[in-house]
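Hi,

Here is the structure I said I would pass along. Have a look at it, and my notes on what turned up follow below.

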Amino acid sequence: GVENIPTKTKIAVEILKRFGADQDVQKVKDSRKIRSGKGKMRNRRHVQRRGPLIIYNEDHGLVKAFRNIPGVELSCVSRLNLLQLAPGGHVGRLIIWTESAFKQLDKHFGSFSGYSLPKSLVHNADLTRIINSDEIQSVLKPIKSKPRRAPQKKNPLKNMSAMLKLNPHAIVQKRVGRRKAAKKTAEKKPKTATAPKAGVKRHRKTPSPALPSAILTAAKKQKTEKASA
């Protein structure tokens with residue numbers, strides 16, 4: 001049988017081709033790529049898809065023949081692993097059983113005589129049709145209206161519309177107060193010249209030198225003569 005094949009990978013590849021599993025091996029080869037992230041620096045450089053699983057009973061060179069084929073995994077029937085049967089929780093992996101391994105299933109896992117698989121309780125799988133049916137809709141509670149939210153409270157001292165609700169005369173009082181404030185500012189005296197700040201020097205104009213009195217009298221006589229002429 002297959003369990004007694006010589007330890008040659010060439011023969012193992014021919015057996016896979018005979019069972020039509022060579023396409024799965026080729027799919028694994030095409031899917032091999034470099035892992036993203038830091039895993040490629042931790043001896044996990046490449047990732048690839050899973051290939052067929054071969055389950056055997058006794059190893060007489062079977063493991064050495066298939067171990068070098070990418071994607072192919074082997075497991076003994078007495079040590080079945082759920083992570084190998086359904087990797088990632090996805091059922092449907094291609095599994096190749098040897099004849100002796102298939103016969104050992106009853107020995108390891110028992111023969112469930114009189115056992116019937118559980119049947120589904122739902123005969124109609126169309127849930128939208130069930131929910132929208134008249135039988136279900138007649139029992140359901142009516143749709144609740146939107147919850148009414150309390151309005152936001154406004155401060156009357158800051159919001160004029162809230163103040164007018166409490167005191168309609170508030171706007172008149174506000175106008176009178178503005179007029180009084182404007183009148184006070186108008187009646188205030190103009191500001192006097194402030195003293196210069198310490199450390200600030202003001203440039204004063206130098207007075208013109210005083211002219212002698214003789215020159216001033218001569219200039220006045222010339223103006224009067226011109227006016228009389």
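A quick definition before the sheet: two strands count as paired if DSSP finds at least two bridges between them. Keep in mind too that this is a predicted model.

With that rule, 3 strands make up an open sheet, ordered 4-3-5, with parallel pairing. Strand 4 (73–76) and strand 5 (95–97) are the edge strands, each with a single partner, so one side of each has no neighbour in the sheet. On average, neighbouring strands here are turned by 25° against each other, direction ignored. Strand 3 (residues 53–56) is joined to strand 4 by 4 bridges, and the two run parallel.

Next, the aromatics. The count comes to 1 aromatic pair. That pair is Trp 97 with Phe 102, in an edge-to-face arrangement: 6.0 Å centre to centre and 85° between the planes. Trp 97 has 32% relative accessibility, so it counts as partly exposed. Phe 102 counts as exposed because its relative accessibility is 52%, and the cut-off for exposed is over 50%.

Last, the surface. Leu 164, Ile 171, Val 172 and Val 176 form a nonpolar patch there, with about 250 Å² of accessible area together. Helix 10 (residues 170–187) gives the patch its largest share, 3 residues. Leu 164 sits in helix 9 (residues 160–166), and at 31% relative accessibility Leu 164 counts as partly exposed.

Cheers

Conventions. Residues numbered from 1 in each chain as written. Predicted model: local features only at pLDDT ≥ 70, side-chain atom pairs only at ≥ 80, totals over all residues. Heavy atoms only, no water. Axes fitted to C-alpha atoms, helices over the stretch in contact; angles between N-to-C directions. Phe/Tyr/Trp six-rings, centres within 6.5 Å; stacked < 30°, edge-to-face > 60°. Buried < 20%, exposed > 50% of the residue type's maximum accessible area, 1.4 Å probe, protein only. Patch = residues over 30% accessible without salt bridge, like charges linked within 9 Å, V, L, I, M, F, W, Y side chains within 5 Å. Areas by Shrake-Rupley, 256 points an atom, 1.4 Å probe, with all protein chains shown as cover. Salt bridge = Lys/Arg side-chain N within 4 Å of Asp/Glu carboxyl O.
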